[in-house]
Amino acid sequence: MIYTVTFNPALDYVIKVDQFTLGAVNRTEQENIYYGGKGLNVSAVLAALGYENTALGFVAGFTGREIEQGVKSLGFQSDFIRVEKGMSRINVKLKSREETEINGMGPEITAQDVNLLFEKLDRLKEGDILILSGSIPKSIDDDIYERIMKQLDGRGVRIAVDATKDLLANVLSYHPFLIKPNNHELGEMFGVVLHGEDEIISYGKLLQERGARNVLISMAGDGAILITEDKEVYRMGVPKGKVKNSVGAGDSMVAGFIAGYLENGSYEHALRLGSAAGSASAFSEGLAGREDIMKLYEELLKEGF
């Protein structure tokens, strides 16, 4: 089984306003509501690619109930923990001449709530996959990723981590199956600005030396680089298309990579499917479906990537 964890899921209210004016009444031209959160994005794309999975995390209030009901339409299961105080976030994403985001706080998650999550995670067994992604709410200690990986250490659970800076650096000693920094995040971890693929690969290998098994580095329009546990380095370009939406592209890449690896164990195939999934979501208003992903996969294959 594949599990994802979203500590702070949300309803993303995405609106378009032609000429947004501060201090005035503005009317939307387009509006959509999505079920947001990095782990939920991963779950949705995995489901689109035909892989059953279960989303874990915390929900609260009427927005939490809507998230619980809504994810069923995306094709995956959920096993959320209901918390008592507050409500799940509503994030407003305003698209006009500039893009503006207002993100909600989320509910208050207690130590008892966290213990309930650990009880669920304690059921994972050898061969399962766990995907940890996204930021940590203020009400949860920022060592939560480390504590999860410590609890599951030695059980044969393959864990993918998509996080930044210390959240990522602090789990390397537990040998995550996959980490996915982008090139800028990779540089920030070492306090440098990376120039060119050689430097990116060099610093990616440093993360391997610190414990990561596979390092997937996304580089936006410049493609992606994968450094495998077998010490192979694969490069992948990007298909042609117009970027409409950056939200969820990185999560889609993680989902595509995991799906590709599970399909046949080939890291090259996993990288190609991950790149296709990430690009397909970037070229869509929301998360991409299987048809769009596979179309871009074939395009990358024809282009020799």
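Which residues form one aromatic cluster? The cluster consists of F177, F257, Y261 and Y267. The model is a predicted one, in which local features need pLDDT of at least 70 and side-chain atom pairs count only at pLDDT 80 or more, whereas totals for chains, interfaces and linings use all residues. Residues are numbered from 1 along each chain as its sequence is written, and side-chain values use heavy atoms, with hydrogens and water left out.

The structure contains 6 aromatic pairs (rings of Phe, Tyr and Trp, the last by its six-membered ring, with centres within 6.5 Å; planes under 30 degrees apart count as stacked, over 60 as edge-to-face and the rest as tilted). F257 and Y267 are stacked, because their ring centres lie 6.3 Å apart and their planes are at 20°. F257 belongs to helix α8 (residues 249-264) and Y267 to helix α9 (residues 267-282), so this pair ties together parts 10 residues apart in sequence. Helices are DSSP runs of H or I with at least four residues, numbered from the N terminus. Y261 and Y267 are also a stacked pair, with 5.2 Å from centre to centre and 20° between the planes. Y267 is buried at a relative accessible area of 8%, and Y261 counts as buried at 17% (buried: under 20% relative accessible area, 1.4 Å probe, protein chains only). F257 is buried as well.

Elsewhere, helices α3 (residues 111-121) and α4 (residues 144-152) pack at about 35°, with axes 11 Å apart; axes are lines fitted to C-alpha atoms over the stretch in contact, and angles run from 0 to 180 degrees between N-to-C directions. In α3, V114, F118 and L121 meet I144, R147, I148, Q151 and L152 of α4 (contact: heavy atoms within 4.5 Å).

Terms used: Helix = DSSP H or I, 4+ residues; strand = E, 2+ residues; numbered from the N terminus. Buried < 20%, exposed > 50% of the residue type's maximum accessible area, 1.4 Å probe, protein only.
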